[in-house]
Amino acid sequence: MESNALFELGMDLEARVAEDACGVAEPRSTTQKEENVSKMASAVYADDRLDHFIQKEGIHCAGAHLIIDLYDAERLDDLHHVEQALRTCVDEAGATLLHIHLHPFEPTGVSGVAVLAESHISVHTWPEAGYAAFDVFMCGDAQPEKCVEVLRKAFNPGKTAVSELLRGREVADQLSKPHTMEAAE
């Protein structure tokens with residue numbers, strides 16, 4: 001299969017993105033790794049990258065990852081309703097939807113993902129327990145926190161628990177200071 005066909009299927013994406021973003025392959029030595037980091041930093045500052053690191057509460061990071069647990073929730077087995085909730089999350093957060101794939105389980109439950117230009121939203125439901133687990137990870141100008149209220153309205157949970165992780169802090173810190181970077185060990 002040609003590499004373009006693999007790329008269209010999502011295979012070989014990591015290698016192609018790494019090469020396209022920096023024009024470099026995987027480092028073979030510590031020195032080459034330092035050169036690659038410098039090239040990546042230059043790409044970020046040249047503003048020619050499409051995946052934007054963010055700054056949140058004074059912290060540079062790759063993006064915000066929300067872990068959202070819904071308890072005593074409703075309509076967790078309604079495939080169409082779950083899809084519509086994901087689409088509304090994408091719209092409200094200002095993200096760009098690339099693809100949605102949902103899988104219904106027998107006798108109950110739904111698992112799936114909305115693949116975004118800004119990352120993803122994943123869902124796993126346990127209707128028999130009234131529980132749903134959502135992961136919302138977004139970078140750039142998207143606002144993943146807006147998904148919390150969308151999910152509350154869509155599934156009417158008795159309780160909602162939200163945790164936030166700021167992903168890629170080390171890389172973002174390195175890229176934000178290109179002239180003072182030291183070799184990573």
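Start by selecting Arg75. This residue is partly exposed, with a relative accessible area of 48%; here buried means under 20% relative accessible area, exposed means over 50%, and partly exposed is in between (1.4 Å probe, protein chains only).

By salt bridge we mean a side-chain nitrogen of Lys or Arg within 4 Å of a carboxyl oxygen of Asp or Glu. Asp78 counts as partly exposed too, at 27% relative accessibility.

A quick word on what you're looking at: this is a predicted model, where local features need pLDDT of at least 70 and side-chain atom pairs count only at pLDDT 80 or more, while totals for chains, interfaces and linings use all residues. Residues are numbered from 1 along each chain as its sequence is written, and side-chain values use heavy atoms, with hydrogens and water left out.

Next stop: helix H4, residues 79-93. (Helices are DSSP runs of H or I with at least four residues, strands are E runs of at least two, and both are numbered from the N terminus.) Pick out Glu83 and Arg87, whose side chains form a salt bridge of 2.9 Å, N to O. They are four residues apart in H4, so about one helical turn separates them. Arg87 is partly exposed at 33%, and Glu83 is partly exposed at 26%.

Jump to helix H5, residues 146-155, and select Glu149 and Arg152, three residues apart and separated by about one helical turn. Their side chains meet in a salt bridge of 3.7 Å, N to O.

Which residues are linked in a network of salt bridges? Select Lys56, Glu145 and Glu164 to see them. The count for the model comes to five salt bridges.

Now for the nonpolar core. The term covers a set of buried Ala, Val, Leu, Ile, Met, Phe, Trp, Tyr and Cys residues joined through side-chain atoms within 4.5 Å. The largest one has 30 residues, and those with the most contacts inside it include Ile68, Leu86, Phe134 and Phe155. Among the elements giving two or more residues to this core are strand E3 (63-71), H4 and H5.

Finish on Phe155. Leaving aside neighbours within four places in sequence, Phe155 is in contact (heavy atoms within 4.5 Å) with residues including Leu70, Leu76, Val82 and Phe134. Arg75, where you began, is also one of the contacts of Phe155.
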